[in-house]
Amino acid sequence: MDERQRLFAQVNDLHHTYLRGTPLETVALRGVSMQIRTGEAVGIIGRTGAGKSTLIQHFNGLLRPRQPGRVIIEGQDMSDPTLDVRALRQRVGLVFQRPEQQLFERLVGDDIAFGLKQLGLPADERRARVRWAMELVGLDFDRFRNRFTFSLSGGEMRRVALAGVLALRPRVLILDEATSGIDPRGRRELLTHIAEWRQQSEVTLIIVSTNMDEIAELVERIYVLDDGRVVLCGTPRQLFADPVVLRQYGLKVPQVSALVHRLSELGVTMPRVPITIAEAADDVWTILNS
Amino acid sequence: MERVIIRAQDVYYSYEPGAAQPAWALNGIDLEVYAGEYLAIVGHNGSGKSTLARHFNALLTPSRGEVWVNGLNTRDARHRLAIRSTVGMVFQVPDNQIVATLVEEDVAFGPANLGVPADELKRRVDWALQVVGMQKFRRQAPHLLSAGQKQRVAIAGAIALQPQVLVLDESTSMLDPAGQEEVLDAVRRLNQAGTTIIAITHFMHEAVKADRVLVLENGRIAMQGSPRQVFSQRDRLRELQLDAPPMADLAARLHARQPSFPPDLLTVEEMALEISRRVGRRREAGG
């Protein structure tokens, strides 16, 4: 297969400036380059204002690249003015921060089914997809479908908004801090469900977050953005090996990784940098009994 | 004995009280909050945390039961102003709480509307901005600040009214790790200066720093105690759809494999010291 087709996104030297030429001009991206393969799970991490949201809005044509920057999505040059972005947006689902602001129907079920209706799907197919999407986000179909959207808690509203995008079964799912405000346990369950679905159906998953903990177990690679640039790239384990560098970019390693660094200061060497609590428990058990 | 500043007695609340079978967001809450304490309230989404928080300054009043603030019943409309001057609130999204075009004007908004005289107003704004570490930004436009900075301005606006109690309703959940630290530092300084803190949060690492932790489930208090008492009960927390803080979880797993390992460690520092002490002892015994 052609190498370009197997890439979801290829970004070269991308710059972006808001309010260009005004006194409020703000530079958001200062030459970002990256590649995301089709079917890959990638984290884009960085503190508030690092340029994460600006970057991913180039992935479905909400923003277009300017010279000399280039963004190729699924083999299509995004600076091409004749590009059919509507077709692209049906394949690339983007869930924004505070997705609860995207709710507008009175009933939960209707809100999730809205996009499916626009696609003209028959009623039984719509119902099946709504049920599937609600299960994926952890909302019981029978209990929630006839609830009023305004009566939901903040976390429940976010799940409904997410279900509305998932019901469309996008080939690429981009979550832009879409899960902040959902409690940590629910958030992890939700992301784990999405990751399972991704593996089964070879969906490309891009998670934008300020929080290393929540994505460490879910993504294969992480790009760290700071001040509009890619400053680090690697597997979670590679990145967590250096908490000092991450702190410099306003980020924190998971506590189990921090433990390994504190232990090494105390003269105790652990076999690896753990990502999960289970890994840390195994490692500590080993050194206490070796 | 410690002074009770907020008392909730058998509080029920429903968002649709007229329904034949109302869903109770609060389901019989009995609670005393003590002056000067740092109370963390945790629970999964929909457990009733925010609903309870809104009862503390009469934004909501109970469907059944009573809430008193400094002995004033929140149901009595004549007490509203006194209650809201006593209990300040900061919410989740800072943008929704900022009203003015300059940081210092935003902080002054509350007390100015209460008719605080100019000299006193200036003193209060200075003090509030200093507590949250935002003096440098006083002439800036709030929308140009980072989310953590905006949230600190929102806190400054709340404390400029000099409340005895500050309620933070998931005030750090939309912030990045550095922003969370900024806000928590400001809150800790306030608590040390005597302000009672009620922090609604779903970040366990935040709740670890409180004097007392309350766990809500289905509008009821399911657990309460010191962070160490509550967070060492990993299995009970799991039933309540919560995770213990990472180090408490790790301690519980190690304790299960080796009963002599303490089950109630909470922080990275405690865990690192315990492991290094044990490794040291083995080395001595071995060599």
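Predicted model: local features only at pLDDT ≥ 70, side-chain atom pairs only at ≥ 80, totals over all residues.
Colleague: How many residues of domain 1 of chain A are in contact with domain 2 of chain A?

Modeller: Contact is judged from C-beta atoms lying within 7 Å. On that basis, 10 residues of domain 1 of chain A are in contact with 7 residues of domain 2 of chain A. On the domain 1 side, α8 (212–215) and α9 (236–240) of chain A give two or more residues. α9(A) gives the most, with 3 residues. By class, that side has 7 nonpolar, no polar and 3 charged residues.

Colleague: Now chain B. Where are the bounds of its domains?

Modeller: Domain 1 of chain B is written in two pieces, 1–85 + 206–243, and domain 2 covers 245–287. The C-alpha centres of these domains of chain B are separated by 34 Å. In chain B, 7 residues of domain 1 are in contact with 8 residues of domain 2. Helix α8 (residues 227–231) of chain B supplies the largest share of the domain 1 side, 3 residues. That side divides into 3 nonpolar, 1 polar and 3 charged residues.

Colleague: Which residues of α11(B) are buried?

Modeller: Count the C-beta neighbours within 10 Å: 20 or more means buried. In α11(B), those residues are Val268(B), Met271(B), Ala272(B) and Ile275(B). Seen down the helix axis, they fall within an arc of 95°, so they line one face of α11(B). The face turned away from the buried side carries exposed residues: Arg277(B), Arg281(B), Glu284(B) and Ala285(B).

Colleague: What covers the buried residues of α11(B)?

Modeller: The cover includes α11 (255–265) and α12 (277–289) of chain A, together with α10 (246–257) of chain B.

Colleague: That brings in both chains. How is the size of an interface often given?

Modeller: Often as the accessible area lost when the parts come together. Here we count residues instead. In this model, 36 residues of chain A are in contact with 32 residues of chain B. On the chain A side, α6 (154–166), α7 (184–201), α11 and α12 each supply at least two residues. α12(A) gives the most, with 7 residues. The chain A side has 16 nonpolar, 14 polar and 6 charged residues.

Technical notes:
Residues numbered from 1 in each chain as written. Chains lettered and ligands numbered in written order. Contact = placed C-beta atoms within 7 Å. Helix = DSSP H or I, 4+ residues; strand = E, 2+ residues; numbered from the N terminus. Nonpolar A, V, L, I, M, F, W, Y, C, P; charged D, E, K, R; others polar. Buried ≥ 20, exposed ≤ 12 C-beta atoms within 10 Å, placed from the backbone. Arc of directions from axis to C-beta. Domains from an automatic or database assignment.
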